[in-house]
Each structure stands twice: as C-alpha cells, then as structure tokens.
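Open the model in your viewer and keep the selection tool at hand. We will go stop by stop.

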Amino acid sequence: MRLLCAKENEAGETRVALVPADAKKLIQLGFEVEVEQGAGVSAGFADDSYQAVGATINSDRQAALRSADVVLKIKAPTASDISLFKKDSLSVSFLDPFRQSELVEKFAVSGVRAVSLELIPRSTIAQKMDALSSQASLAGYAAVIHAAEKLDRIFPMMMTPAGTLSAAKVLVIGVGVAGLQAIATAKRLGARVTAFDTRPVVEEQVKSLGAKFLKIDLGKMEQTEQGYAKELTPGQLELQKKGMAKACAESDVVITTAQVFGRQAPRIIGKEMLSGMRPGSLVLDLAVATGGNVEGSDANGEVSINGVRVIGCLNLAATVPQHASQMLSSNMLAFITHFWDKENKRVRVDANDEIMRDCLLTADGKVFRKN
Ligand code: NAD
C-alpha cells in the first residue's frame, strides 16, 4: 500500500501529519511511504530526514494524490485535491465534519473513505489516536505562554528590595484537555489560578492542580455519554455570566476554552463583562474557530475592547509545530497500525469496528451521518 503524507496548504499551518520516526515504522509495517516535497520543513523535518528512513519525496502533488492508497493530512483536503484521490483510497485528517457537509459529500462522490480525526471516540482503546486531545493539550500550554509574553505584568509573586509584586490572576473557563493544561502551565509560572466548567466532575481535577474552582449553581448539569458538556439553556447561560463577572473583573488574564461538541461555542463573555476588567488585561479566546466564547473576539488576532486586549487564538498547536507534529503523527500511526491487516498487507476499513464506526464518514459513495 502506498501511503502519502501530503503537504499542508493552508496559511499558518506549520505542522506535518507524519514525522520521519513514524514514517520508518510504517515502512517496517509494509507501507511504501511517500512524503510531499517540503511537507515537514516548517515543523523542523527536512526532506532528507524522511529519505534517511526510506521514504520517497514526491514533488508532484497531483501525481502523488492520484497514486496513494492512504493520504495523511492535518487539515481537510480541498475539493480539488479530493477529486484526484483514487477510488476506495483512505483519507485521514481533521475534517470539521459538522460544518463541512459539502466536502464530506465530495469525498462520497469521489468514492473516497474519509476518516475524521475529530470523531475518533474518546475511549481507552482509542486514546493513542486522540488527536483532539494531543493538540488541545499543546494549545492550553501555548495560550499561557502567549499570555505571559503579552501581559504588562509578570506571572509569579516577587518580593524584591524594590517592592513586592503580586502574582497574576488567571481565570480559565472550560476545563477540558486544553483548560487543564492551561491551569497546570499558569500554576507552574506562579499565577493564582481560578477555573470554571459546567461539568461538576471537573472541580476535583481543578483542585488537584492547586487551582481554585469557581462554584456557580446552574441547576442539574449533565454530560453526554462521551463525556462532553451539554449545551446550556439561555437561563443557565445568564446565571453563568453573572457568576463569573466578579472573577473576570479581578483577573489579569482570562483564557476561554469552552466548547460544546458539534455546536457553536457558547458565548460566555459579553462586552459588559469586558468593561469590568482593567485596561491592559488579556482575554484569550481558544474557541474562536467555532464562533468564540467572547463577544467581539476576532479569529485574525487581537482587538482592543475598552482597553482590554482580546485575542482570538486559532490553531495554537501550530505555534509549537515540532511537538504538535510529533504527537499528531503518533496519533496517525496508532490509527493506521490498529487497522493494519498483517496477512493481506492492507488497511482494514470495517465500518462495524467500534472506532471506525464513529470516525468513518464516507465509503462506497455513501455518507454516514453522525449526530
Ligand atoms: P471540549 O473541547 O469539547 O470542551 C472544553 C470544555 O468546555 C469542556 O470541559 C466542557 O465541559 C466545557 N464547557 C462547555 N460549555 C461550557 C460553558 N458554558 N462554560 C464553561 N465551560 C464549558 O472538551 P475536551 O477537552 O475535548 O474534552 C471533552 C471530554 O472528553 C471531557 O470530559 C474529557 O475529560 C473527555 N476526554 C476523555 C478522554 C479519554 O477518556 N480518552 C480523552 C480526552 C478527553
């Protein structure tokens, strides 16, 4: 089987789907691995590092796409790329499946089997393939580092002959994978951290990291079978905003990561809350790609709202491309290895498998709808 690691073509995407060490493992499994010329350069992996492990560098993208049985890519391939894919080839990438229905349709009409990394179940057996977690974890870390660089104060408390500097106050809203890593990183830098999430089970995790959990009574809260938060009612959202206003006003940095799987991100910080914050304080909106948690946040970067610097953070994992690629590539390798049929030297695409059932969006010209 010929496996292609395609080059990312979206502006700002610095990661690569396969690193040389994993290319080597795939070759050992029995794949013929091709890497599009320059695919790994922005993540620190030169073409010759792939050649050194036995992969082939291909400078002709169209020819490479036409001949691949498996295509690994981070961002979804474009419609014109998909039209080049071989019938029954397997595409593995993030797909933004709930908002990219036309692209999903394109995969189906082209006879391509499309796997969406977002839909890999968050189960123990699939943990090694969980690309959402690997990238969210890095995003949480990078958000805090970014904030520490931008803030007009330092993070730790410092007692000096020139006076005592108090520790920065950081509020993390949404304590999933990114939020937990943001809390841990901000604590390591010496900040005083408070956090909130609508899932009550999170309180324990927040406290175990040495942060304070902000308690807001929103009534009975439930989560989905997969562990995802459910969407709040408008009334609950109002209660949440009221409950957060004081903590928000007292914070030097607010990091929002709140998401509801498959839906627009909840809008939890309005302009009135921003106006309660001190000028110069920072709000980093990590949910900006799905509509944003913060009113007025912009996916293209920083805006000033009443002197508060609101930063829309898209793809923070791409700011640490080498490690982000290493983790993503490991997720990809785990996925391919799991479905590798040793005897027949092919990838099994079995729609009844408990992992494949969730993440396979198209096969044999059909679209498998997910909730
Ligand atoms: P996510 O990116 O979907 O959401 C981020 C956080 O936002 C979540 O914690 C969610 O509860 C929270 N949120 C939603 N609405 C909110 C609101 N109005 N205000 C504040 N917070 C709000 O989450 P994720 O990081 O992808 O994690 C989702 C779930 O999957 C979690 O339960 C996590 O523990 C679980 N998970 C399990 C595994 C595993 O078992 N292998 C791996 C990773 C994650």
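Start with D96. At 28% relative accessibility, D96 counts as partly exposed, because the class covers values between buried (under 20% relative accessible area) and exposed (over 50%), with a 1.4 Å probe and protein chains only. This is a predicted model, in which local features need pLDDT of at least 70, side-chain atom pairs count only at pLDDT 80 or more, and totals for chains, interfaces and linings use all residues. Residues are numbered from 1 along each chain as its sequence is written, and side-chain values use heavy atoms, with hydrogens and water left out.

**Stop 1: around D96**

Stay on D96. Its place is the loop between strand 5 and helix 5 (101–109). Helices (H or I, at least four residues) and strands (E, at least two) are DSSP runs, numbered from the N terminus. Check the backbone here: phi of D96 is near 50°, a positive value in a residue other than glycine. Most residues other than glycine have a negative phi.

The term means a side-chain nitrogen of Lys or Arg within 4 Å of a carboxyl oxygen of Asp or Glu. R99 is partly exposed, with 43% relative accessibility.

**Stop 2: D88**

Which loop holds D88? Look between helix 4 (79–82) and strand 5 (90–93). Here too phi is positive in a residue other than glycine: for D88 the value is near 70°. D88 is partly exposed, at 32% relative accessible area.

**Stop 3: the two domains**

Zoom out and colour by domain. Domain 1 takes in 2–119 + 320–361, and domain 2 takes in 136–319. These bounds come from an automatic or database domain assignment. The C-alpha centres of domain 1 and domain 2 are 33 Å apart.

Select the residues where the domains meet. From domain 1, 15 residues are in contact with 12 residues of domain 2; contact means heavy atoms within 4.5 Å. About 970 Å² is buried between domain 1 and domain 2, and carbon and sulfur atoms give 57% of that area. Buried area is the accessible area (1.4 Å probe) that two parts lose on being put together, summed over both.

Polar contacts are present, though: six residue pairs, with both residues at pLDDT 80 or more. A polar contact is a pair of N or O atoms within 3.5 Å; within protein, one must be able to donate a hydrogen and the other to accept it, and residues adjacent in sequence count only if both atoms are side-chain atoms.

Highlight helix 11 (residues 321–338). With four residues, helix 11 gives the most to the side of domain 1 that touches domain 2.

**Stop 4: E34**

Go to strand 2 (residues 32–36) and select E34, which lies there. Is E34 buried or exposed? E34 is buried, with a relative accessible area of 8%. Show N58 as well: a polar contact of 3.3 Å joins the side chains of E34 and N58. Beyond its neighbours within four places in sequence, E34 has contacts that include R2, L3, L4 and A64.

**Stop 5**

The structure holds 25 salt bridges.

- Select E250 and K246. Their closest N and O atoms are 3.4 Å apart. Both lie in helix 9 (residues 234–250), four residues apart, about one turn of the helix. E250 is partly exposed at 41%, whereas K246 is exposed at 60%.
- Select D341 and R346. In this salt bridge the closest N and O atoms are 3.9 Å apart. D341 is buried, at 14% relative accessible area, while R346 is partly exposed at 37%.

Then select E10, E13, R15 and K75. Salt bridges that share partners join these residues into one network.

**Last stop: N300**

Finish at N300, in the loop between strand 13 (282–285) and strand 14 (302–305). N300 counts as exposed, at 73% relative accessibility. Draw a distance line to C313. The two C-alpha atoms are separated by 8.0 Å, and the residues are 13 apart along the chain.
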